[in-house]
Amino acid sequence: MAVVALDREAAQAAVRTAAGRFTALLRGTDDIERPAAGTDWTVAETAAHLSYMFTAFSAALAGEPSTLTPGQYLEADPHTRLAASNAATIAMVEHTDAGRLAELITAGAHRFLELVAQADPAAECETPAYGTGVTRTPDCLTALALAELTVHGHDIATGTGRPWPISADHARIILGTVFPEMIPLLVRPGAGRAGAVTYEIRVRGGGPRFVVRVADGAAEVRAAGEPVDCVISAAPAAFLLVGYGRLPIGRALLRGGVLAWGRRPWLGLRFNDHLFIP
């Protein structure tokens, strides 16, 4: 059961809005071979990644075989496996024309939203890129799609010197589903080996609250309400960028976008150290 319930109607509407914003940003880029911030990709490669993401998520929802199974990387750490998968999938999408990429993303988002609206919320969709035997629910795939559009839109806008305001409502949707569902898949093997650490994440403005416990190279996410070592209170957009490695948590703390307190408040600075950043 999800720690935080997803508002499906709001999440699907958010994906539709974000896809429109992303494609408008892409069409307005004068040179798609320019670097995008936050990754080693160009604008074109970032757009190709988004296009394939919708193809893969739609295939998962439809129960179709994965078009790419990175067999030699299935047992690798999450960073290696996802990097290999992303490189292979980007190569599968023609990415020399911004207009064509925008069309592919628009069509992909449309098919994805049609499928997710009809999907059984309890369905377990196969997602081999996230690990051997790993499945994700339609709710998780919806929030992941919104996260990809939002964060990679930020990458392109930052790399090309344009604004990209992140909706606090959209960030709360992502933080309430993607973070609880994906954190256990992204733990570094050495995390918590010296002793368990616990965090309570509180997203401001009525956002989600949940506890993350890291111990012996594994993480568990559960409902808030127990004593923890460190409480992290965060503005939605700031913590989204922190979680995706686009904003150092120390900088977010200095700006007030993130606050940490509790019996071991210094652990706030180490939150991302436990995880492979996607």
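**Contacts, buried faces and pairs**

Me: Leaving aside its neighbours within four places in sequence, which residues is T23 in contact with?

Reply: Contact here means heavy atoms within 4.5 Å. Once neighbours within four places in sequence are set aside, T23 touches A102, I105 and T106.

Me: Good start! What kind of model is this?

Reply: Residues are numbered from 1 along each chain as its sequence is written, and side-chain values use heavy atoms, with hydrogens and water left out. Local features need pLDDT of at least 70, side-chain atom pairs count only at pLDDT 80 or more, totals for chains, interfaces and linings use all residues, and the model itself is predicted.

Me: Back to T23: is T23 buried or exposed?

Reply: T23 sits in helix α1; helices (H or I, at least four residues) and strands (E, at least two) are DSSP runs, numbered from the N terminus. Buried means under 20% relative accessible area, exposed over 50%, and partly exposed in between (1.4 Å probe, protein chains only). T23 has 9% relative accessibility, so T23 counts as buried.

Me: How far apart are the end C-alpha atoms of α1?

Reply: The expected span of a helix is 1.5 Å times one less than its number of residues. The 20 residues of α1 should therefore span 28 Å, and this agrees with the distance between the end C-alpha atoms, 29 Å.

Me: How wide an arc do the buried residues of α1 cover?

Reply: Among the buried residues of α1 are A11, V15, A18, F22 and L26.

Me: Now the rings. Why does the pair of F54 and F112 count as tilted?

Reply: Rings of Phe, Tyr and Trp (its six-membered ring) pair if their centres lie within 6.5 Å; planes under 30 degrees apart count as stacked, over 60 as edge-to-face and the rest as tilted. The structure holds six such aromatic pairs. For F54 and F112 the centres are 5.8 Å apart, and the pair is tilted because the planes meet at 55 degrees.

Me: Which ring does the charged end of R21 sit over?

Reply: A charge sits over a ring if NZ of Lys or CZ of Arg is within 6 Å of the ring centre and within 35 degrees of the ring normal. The charged end of R21 is 3.9 Å from the centre of its ring, which belongs to W164.

Me: On to charges: how far apart in sequence are the parts that D139 and R8 tie together?

Reply: A salt bridge is a side-chain nitrogen of Lys or Arg within 4 Å of a carboxyl oxygen of Asp or Glu, and the count comes to 13. D139 and R8 form one, at 2.7 Å from N to O. D139 is in helix α5 (residues 138-159) and R8 in helix α1 (residues 8-27), so the sequence separation is 131 residues.

Me: Are D155 and R246 buried or exposed?

Reply: D155 and R246 form a salt bridge whose closest N and O atoms are 2.6 Å apart. D155 is in helix α5 and R246 in the loop between α7 and α8, 91 residues apart. Both D155 and R246 are buried.

Me: By about how much of a helix are D169 and R172 separated?

Reply: The side chains of D169 and R172 form a salt bridge of 2.8 Å, N to O. An α-helix has 3.6 residues a turn, so residues three or four places apart point the same way. D169 and R172 are three residues apart in helix α6, so their separation is about one helical turn.
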